[in-house]
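Me: I would like to go through this structure by question and answer, beginning with the contacts between its chains.

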Amino acid sequence: MTGAIGNSRPRPGALQGVRVVELARDPIAFAGKLLGDMGADVILVEPPGGDPARRYPPFADDEPGEDRSLYWWHYHTSKRGVVIDLDDEAGRDRFRALIATADVLLEAEPRQRLETLGIDYDDLQSIRSDLVHVAVTPYGRADPKSDLPFTDLTLMAAGGPPWSCGYDDHSLPPVRGPLQGFHIACHFAVMSTLTALLHRAISGTGQFIDVSMTAAGNVTTEGASYNWLIARNTVQRQTGRHASVNPSVETQQLCADGRYANTGVGPRQAKGFAALDKWLKELGLFAELPEAVFLELGAQHEGPLDISKIGEDDEITAIFGASRAALRLIASKLSAQEFFVGCQRAGLTAGAVNAPEEAFEDEHFKSHGFQVPVFHEDLGRDVVYPGAPIRLPECPWAISRRAPKLGEHDDEVFAELALQVDGGR
Amino acid sequence: MADALSSFRICDFTGILAGAGATKWLAGFGAEVIRIEDPVNEGRWDILRGRQPWVDERRGINLGGAFNNHNVGKLGITLNLRTEKAREILERLVAVSDVVTENFSKGVMERWGFGYERLKAIKPDIIYVSNCGFGHTGPYSEFKSFGPVVQAISGLTFTSGLPDQPPAGWGYSYMDHTGAYYHAMAILLALIHRHRTGEGQWVDLSCTDAALTLHGPALLDWTVNGRPTRREGRPHANRNFWPPMAPHGIYPSQGDDDWVAIACRNQDDWERLCDVVDEDWCRDPQFADAPSRHASQDGLDEHLSAWTAERTKFAIQALLRDAGVPVSAVLKPGERIDVDPSTGAFGLWPTVTHPEIGEIRVDGQPVHFSETDWHYERSGPCLGEHNEQVLTELLGFTSEEVASFQEEGVL
């Protein structure tokens, strides 16, 4: 590997020595990044002309250009890039030579493409008998529906998450968490890869892994699936809180700075009501809230209060009502950040609804080293990237290099292959 | 079929989905996962223990449906760690485990006397993975969280919304699922590292850190271009900006709260859509090419919504699939589980037999391995179900000793 690009790795990553060949496709780019940042030698194979995602916005300094896509930069860190034309026999020979040195093939090709080209798992096994081949498709390799065109949005709609997400007002559409359809599939692709690598390390055996993107969505819906599986109940979406079979109370508070905070249902036990009562008094707001006396009642209550009795039991209804009113009143006087920190210091679980950049600039995440500078030698400057999802002290996550330019590592990688082929593989 | 992870034993203190989902993955691939629960409060440090949904009118600590769903394939023992004897039993278990893992708030394991240093003294190459909302260091490390708080703090709630509306957020604990995925990755990565080097380690997983990595290029747009996501017209979660697509959204259809997702990736998709819709507005010059459609997307959505609203979501899905346009009905739980044949055909909803609940379907895994596939036969454990088995077969106690532990309130 060449040095100087990216940042240095204090110790080898967990996947040091693992070579991953990734056939460039948007849905799996994040899986390749995760493996690369964990220390694998990821070789990204693009067709002549490059992967279309190279031309996706946003662009650095808002200037469109081949090597300026921030989308590309983000999803292809810690990878080396080569160009191979799989539609050409000479290209396929190069690909086979590459596979002979690979531990993992990660791909999201159209369902039958590799078989048609004679480079599917069965063919590749004769080249690399212990290969771990991870194939990601919309519905799995066996389902013809995998041949249908798709995007992150249509995968999510079919997989289930949007049904649960949106607003109390059902004239507004269900909402998709952007990018997450691909991310969910990538998480399963990575867990599968790691599981298979561990098995291979012990047994010497590789295998073929079939990842279904819609199935991945289906099992990432929490109560929506299990309420149906267990009781044949259908959850209904609600603003900013869990979709539920029966409506639940609001959990988002509008704060004085126009931002929101999430408090969950608020306190349920005497200690929590006491803390809220105390905080209200400290802020000098007790007199503004006549029903605050019910907080004192809640503070004397023995055992947890049964939230399902709201509306049935007058005392419980009044206590929870006072608690929500107190949180709403306090929120109206503080910024979302102040409200979040104040709640937590009072022992109440809550969170400010941050925009991503607000979280990114927060001292808490900075203290974890989450802002990671990566040197872009072509621009002559550092670019600050989001950091580690998992901090493994003995085998750390790191961005080992910026995303590759088209064919940037052709010479280097193909030279390595020649050496290794000559070396008797 | 062989199991991929059958040589590993996990001493599992996890609860709810954020932790239990991680060890469920490992158990599916054959790891021996031994769940530890507190007999005094009947395992309720996992708040799903003995809670709804239920299969019928019966209620009880072993009958909670969500708990069963997240804990299939695992063994369960009870240990009253207030007693000296239970702590000795735990030491024996740690000594024969590869991994100790939990998702308590910071400090709980330390208070029991089983922080990382102690675990390492018992087993030098132990892997310890803790998973909490904010991690064990930093200004918020003492703060409490649950899924919606992790999602709020990390920006995932904010980005899931429509313009001029409050955050819609996620209608479930997306970061309990996803935190569990990173938790499983942390365990697997640490096992891979130990296999190579012999070294264990403590992985201090912060669920909000993991969540903050899920914004795609938005954070680079901030650090490089200074462009915030909190700005006019955003978030607009059902639209696509990287790359721009138009139309791209979730549109109303006939039926009871029925919706359909439609996406045109490029000019070809748009022309195919127009062939199907074939109304005058399709030929309006303001929608003629991609840049003009992006500039007029609100108007475009109004026209398309009027067209979709007159048809059922499945009729629209059939028409646009035939035409080759990316489309999907927004499926309701019953539709994707029991109507769409693809999930059943994939084997996504395996049935387990629970000693008290009976036969019950659970979430499977969305993958298949050719040599060592996942499988779930065992249900989530009843409270203390495997006390006798684990203590005699694994830890070398006699049945008489186990009986007396039971009597003395150790188990």
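Me: How many salt bridges are counted between chain B and chain A?
Reply: A salt bridge is a side-chain nitrogen of Lys or Arg within 4 Å of a carboxyl oxygen of Asp or Glu. This is a predicted model, in which local features need pLDDT of at least 70 and side-chain atom pairs count only at pLDDT 80 or more, while totals for chains, interfaces and linings use all residues; side-chain values use heavy atoms, with hydrogens and water left out. Residues are numbered from 1 along each chain as its sequence is written, and chains are lettered from A and ligands numbered from 1 in the order in which they are written. Between chain B and chain A the count is six salt bridges.

Me: Which residue of chain B meets the side chain of Asp62(A) in a salt bridge?
Reply: The two side chains come to 2.6 Å, N to O. The partner of Asp62(A) is Arg227(B).

Me: Which helix gives the largest share of the side of chain B that touches chain A?
Reply: Helices (H or I, at least four residues) and strands (E, at least two) are DSSP runs, numbered from the N terminus. The largest share of that side is 16 residues, from residues 174-197 of chain B. The element is helix 8.

Me: How much area do chain B and chain A bury between them?
Reply: Buried area is the accessible area (1.4 Å probe) that two parts lose on being put together, summed over both. Carbon and sulfur atoms hold 67% of it. The value for chain B and chain A is about 12,200 Å².

Me: Which residues of chain B lose the most area to chain A?
Reply: Three residues are named, and together they account for 6% of what that side buries. They are Tyr172(B), Leu189(B) and Leu220(B).

Me: What is the bridge partner of Ile209(A) in strand 14 of chain B?
Reply: Two strands pair if DSSP finds at least two bridges between them. Strand 6 (residues 207-212) of chain A and strand 14 (residues 367-369) of chain B pair in the antiparallel sense over three bridges. Within strand 14, the partner of Ile209(A) is Phe369(B).

Me: How far apart do the C-alpha centres of domain 1 and domain 2 of chain A lie?
Reply: The domain bounds come from an automatic or database domain assignment. Chain A is divided into domain 1 (19-222 + 364-422) and domain 2 (260-352). Their C-alpha centres lie apart by 46 Å.
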